[in-house]
Amino acid sequence: MKVFKPAIFIIIILNCSYNSFCQQAFIYTPPSDNESKYNTLFNAITEQYNTDIDSVSGENKKYIAELYKERYEHIQKQFEDKEVITWDTANNYLQMLLKEIRQNNPVLQNINVFIFFARDFWPNASCEGDGVIEFNIGLFNRLQNEDQVCFVLCHELAHLYLNHNNNAITRYVNMLHSSEFQKEMRNVKKADYQKNTMLENITKNFAFSSRRHSREFESEADSMAIEFMKNTRFNINEALTCLALLDSVDNDKYNISPPVTKIFDSKGYPFQQNWIKGEQNFFSAMAKSSQGDLEKEKDSLKTHPDCKMRIQRLTPLVQKYIKNAQGKNTSDDSVFEKLKHIFDYEIIEYCYNTGNVSRSLYFTLQMMQFYSNDVYLITNTGRCLNKMYNAQKNHVLGKIADAPSPYQEEKYNDFLQFLGNLHLQDMASVNYFYMLQFKEKFSFDKNFREQLNQSLINYNLNE
């Protein structure tokens with residue numbers, strides 16, 4: 001993976017508070033993964049996968065094994081794509097928390113657990129099977145404290161302890177190959193009319209059953225997580241605040257529309273209002289026309305559905321244990337806060353490196369509203385626009401920039417519409433004059449100079 005490495009000129013004092021940490025002249029550089037740890041981790045997961053495959057039994061074991069293989073190949077691809085973080089500081093932090101949870105819960109000590117951060121902007125954590133628990137940095141950087149991190153870890157450990165992932169696969173396969181399901185499918189094949197309707201009804205019933213079992217798993221994992229968490233120093237009341245946060249976690253972290261009319265307005269190339277006109281409201285109108293249907297499915301489409309109900313179910317258990325939890329040591333959030341800050345940049349960098357350039361630029365411009373003099377963010381803006389210019393010039397912009405979609409947030413769709421309205425000359429000119437205004441301030445930075453020079457080359461090609 002080609003990395004983008006501005007030089008670091010300021011050393012951050014490790015014992016400083018988060019506020020002073022953010023106020024200092026922090027210059028992001030992508031942290032280096034530990035390749036040895038990378039290989040060791042993957043080999044351990046592979047060994048666990050082989051053990052799980054060998055343990056499959058029953059008349060449908062062939063089909064169960066096939067799904068185990070798909071699951072393993074998904075994890076393998078994450079390693080190949082460098083999505084897995086083995087940077088020592090981040091990895092050691094997770095291992096420290098895991099060790100503390102396991103030491104205080106003997107039932108977890110004999111279970112193989114392979115936990116890592118994933119460079120994914122999507123706000124989620126998951127128990128993948130084969131002992132794997134992955135924690136997306138897009139969720140970690142939304143959490144408010146280390147107690148909430150502990151609840152997320154305990155929740156995923158509960159899934160692993162209760163064998164939910166493997167049980168779900170077995171239940172799914174056995175249902176598909178059950179005599180009842182096969183009989184219904186044969187009836188569909190024999191029918192002369194309404195085959196689609198019959199198949200749709202079968203699918204709906206299956207989806208409803210799967211969804212019900214999935215929600216049962218979540219409720220069980222929540223309760224078991226409290227049983228694990230109460231034995232630690234962490235505040236179990238934060239389990240409820242964490243679930244409340246997850247109810248709205250699908251919103252962007254910074255949750256603002258990048259003010260492109262201000263960012264890309266310059267004397268050399270003033271902003272043109274037609275860049276933000278056109279079809280930017282198409283999907284908004286589409287959503288309004290089907291508001292009733294969307295409201296019915298709104299909670300189901302969330303990354304974390306049923307949070308309000310989960311809070312209601314979990315509250316009595318938390319209240320039962322909360323008195324015993326009072327007086328425990330509070331969390332030390334200094335490392336937590338530093339990781340959150342760095343992970344904001346990691347998301348941007350990983351989006352760029354994996355070809356999701358429009359997302360990288362979008363997150364960059366959002367974050368820049370809070371860190372306006374950040375050399376990495378400013379340089380990445382130029383880098384993204386240079387790359388999109390070259391892609392547009394070669395008629396492959398769609399490979400690195402998303403298209404507006406009703407399944408994306410409105411703010412992002414509006415931003416994509418802005419990008420879509422820029423002609424080739426506009427993109428080159430906007431970028432050059434944007435970068436030019438920082439020439440004196442950031443001329444010390446090699447990467448900034450490279451992107452400024454590239455923007456000048458692109459600009460001159462269109463003059």
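This is a predicted model: local features need pLDDT of at least 70, side-chain atom pairs count only at pLDDT 80 or more; totals for chains, interfaces and linings use all residues.
Visitor: Let us start with helices. How do the axes of H16 and H17 cross, and within what distance do they come?
Guide: The axes of helix H16, residues 357-368, and helix H17, residues 375-393, come within 9 Å and cross at roughly 150 degrees. That makes H16 roughly antiparallel to H17, because angles over 145 degrees count as roughly antiparallel.

Visitor: Is the crossing left-handed or right-handed?
Guide: The crossing of H16 and H17 is left-handed.

Visitor: Which residues make the contact?
Guide: H16 contributes Val357, Ser360, Leu361, Thr364, Leu365, Met367 and Met368. From H17 come Leu377, Ile378, Asn380, Thr381, Cys384, Leu385, Lys387 and Met388.

Visitor: And what is the make-up of that contact by class?
Guide: The contact of H16 with H17 has 10 nonpolar residues, four polar ones and one charged one.

Visitor: Turning to the strands, what is their order in the open sheet of four?
Guide: The order is S1-S2-S4-S3, and the pairing is mixed. In general, strands of a sheet pair through backbone hydrogen bonds, either parallel or antiparallel.

Visitor: Which strands stand at the edges?
Guide: Strand S1, residues 84-85, and strand S3, residues 125-129, stand there. Each has a single partner strand, so one side of each is left without a neighbour in the sheet.

Visitor: How many bridges join S3 to S4, and do these strands run parallel or antiparallel?
Guide: Four bridges join S3 to strand S4, residues 132-136, and the two run antiparallel. In this region, Cys127 stands opposite Ile133 in S4.

Visitor: Which strands does helix H2 lie across?
Guide: Helix H2, residues 35-55, lies across S1, S2 and S4. Strand S2 spans 114-118, and H2 runs at about 125 degrees to S2.

Visitor: Now the loops. What is the phi of Asn163?
Guide: Asn163 has a positive phi of about 60 degrees, although it is not a glycine. Most residues other than glycine have a negative phi.

Visitor: Where is Asn163 placed?
Guide: Asn163 is in the loop between helix H6 (146-161) and helix H7 (164-176). Asn163 is partly exposed, with a relative accessible area of 34%.

Visitor: What about the phi of His395?
Guide: His395 also has a positive phi of about 60 degrees, and is not a glycine. His395 lies in the loop between H17 and helix H18 (410-421).

Visitor: Is His395 buried or exposed?
Guide: His395 is exposed, with a relative accessible area of 74%.

Definitions and conventions. Residues are numbered from 1 along each chain as its sequence is written. Side-chain values use heavy atoms; hydrogens and water are left out. Axes are lines fitted to C-alpha atoms, for helices over the stretch in contact, and angles run from 0 to 180 degrees between N-to-C directions. Angles under 35 degrees count as roughly parallel, over 145 as roughly antiparallel, 65 to 115 as roughly perpendicular and the rest as oblique. A crossing is left-handed if the near helix is turned anticlockwise from the far one by less than a right angle, and right-handed if clockwise. Contact means heavy atoms within 4.5 Å. Ala, Val, Leu, Ile, Met, Phe, Trp, Tyr, Cys and Pro count as nonpolar, Asp, Glu, Lys and Arg as charged, and the others, Gly among them, as polar. Two strands pair if DSSP finds at least two bridges between them. Buried means under 20% relative accessible area, exposed over 50%, partly exposed in between (1.4 Å probe, protein chains only).
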